[in-house]
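Some notes on the fold and its packing follow. Please read them beside the model.

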Amino acid sequence: MEKQYVIGLDFGTDSVRSVLVDSANGSTLGSQVHWYQRWREGRYCDSATNRFRQHPLDHIEGMEATIREVVKQTGVHPASVKGICIDTTGSSPVPVDASGTALSLLPGFAENPNAMMVLWKDHTAIAEADEINTLARTWGGEDFTRFEGGIYSSEWFWAKILHISRADSAVKAAAHSWVEHCDLMTFLLTGASDLSALRRSRCAAGHKAMWHASWGGLPPDEFLAKLDPHMVTLKKHLYQETYTSDQAAGKLSAEWAERLGLTSEVAIAVGTFDAHSGAVGAEVEENTLVRVMGTSTCDVIVSGQDVIGERTVKGICGQVDGSVLPGMVGLEAGQSAFGDVLAWFRDIVSWPIDQLIAKSSLLTPEQIEQLKGDVIAELSRQAEQTPVSESAPVALDWVNGRRTPDANQSLKAAMVNLSLGTGAPHIFRALVEAICFGSKKIVNRFTEEGVIISTVVGIGGVAKKSGFVMQTLADVLNMPIKIAVSDQAPALGSAMYAAVAAGIYPSMKESVAAMGNGFEKTYHPRPDMVRIYEKLYTQYDALGAFVETNINNK
């Protein structure tokens, strides 16, 4: 039988990775990574104002380089590559002209941050999100946020567009439409020039754009007009129909086939978000919570329609039919910072390295980066050996606001119980415990709302690399944590979607069964630590309530 291969293309915050997978068994034949050069230079961003933008050229260059190289690296015959599926961060919308070209690729907008992709972690639209939430509760009609947890976030589609439209009249006038990152890259590969023919992602639309079948798609004009009349005009160039990622968006265009070294018979699947494809790659099933743990977390679980019904889970990032697996409701939650919390502390304690050693030219940039990496490793080792007590520091994980439960991106972090005896390992341990306590908040919300969680699966960089974090998480949740074998679960999940879109498998059930990689390790909760963390969690909970009530909301 002829070998058939598929490619999963995973766009992360810092880089894009292409993975070429054997559709018969899910084995990875090759993988290529491209780091975003403009992003690494810090262009178009201002962390002080929570502005994080990326130039589409970083993504286009990365897509071309990684796919071309992974095909070349593996030596597979181009005709044996049958499908490609793209997953990206989200919500990360891009303003485009009538042809679907990103504005930042046009003269006059090439260096304008407002014409760039608005990255998921951009929080410049906090005021606009508040406005949407107020309107949803007071306008007298349907609450269009109810299937998105009942709280609209500044990280999401409409808030970001509303903010840019008000902040930059030139971008507002030139933007014929806005397209999610996963949809834009899919559109490019198909070579289409008619935006109305773009098959928009069900995952992106349902979780971030208030799309729901029960009210006919996007919110009606009456609601949008009360928000801003320009949103009504924009909606005419958006969409009402959406598609799941097991469906094909089209074929690879002749131009891109030549650029990638493939054929124009490759099926291009409808795009999706990385967390949701990661859940697929981790073999998600009912009652299984998949935690995608990297700079932030996304927590994904699926439920049968007959189980969830019309119930809505408050304070999460949405529940959407088909956003993960067709025929099942995908529910998403997450933390705005997870690994980012630990990276922040690494940068704090590494300040002398950057300011003194780097300027002295005693070490090369590569050696400096290695030294900073060693800082995290040593902090983890020392923190793990630090005894836990009720007098130890207790921290909040809100250094990038709070995504769930109950989105509030204006919140800030805090720490208590510091003394002259507190050292760097004590603080590092408190931060690890904080991100795990934030995880417990999410699990508690699901269970309080009747969503049963019997299994937790960890994927992503933190899950694979930090046994200390994962053991702490198992102790805090009082649940076993299984670690998926695949180093690239989102890309593998995208490859599974591509296999169905290309007709290799008739459904996702068969695709996941054939291509799943299984699990490599399980962290079990330790009863003595479970008891300790139950007490510390109450301190975390009390600190969060105090900060939210008395400090952040003043």
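1. In what order do the 7 strands of the open sheet run? The order is 14-15-13-12-18-19-20, with mixed pairing. Strands pair if DSSP finds at least two bridges between them. Strands (E, at least two residues) and helices (H or I, at least four) are DSSP runs, numbered from the N terminus. From one strand to the next, the twist averages 25°.

2. A word on the basis. This is a predicted model: local features need pLDDT of at least 70, side-chain atom pairs count only at pLDDT 80 or more, and totals for chains, interfaces and linings use all residues. Residues are numbered from 1 along each chain as its sequence is written, and side-chain values use heavy atoms, with hydrogens and water left out.

3. Strand 18 (residues 455-459) and strand 19 (residues 481-484) run parallel, joined by 3 bridges. Val456 has Ile481 in strand 19 as its bridge partner.

4. Helix 16 packs on the sheet and touches strand 12, strand 13 and strand 15. Its direction makes about 150° with that of strand 15 (axes are lines fitted to C-alpha atoms, for helices over the stretch in contact; angles run from 0 to 180 degrees between N-to-C directions).

Definitions and conventions:
Contact means heavy atoms within 4.5 Å.
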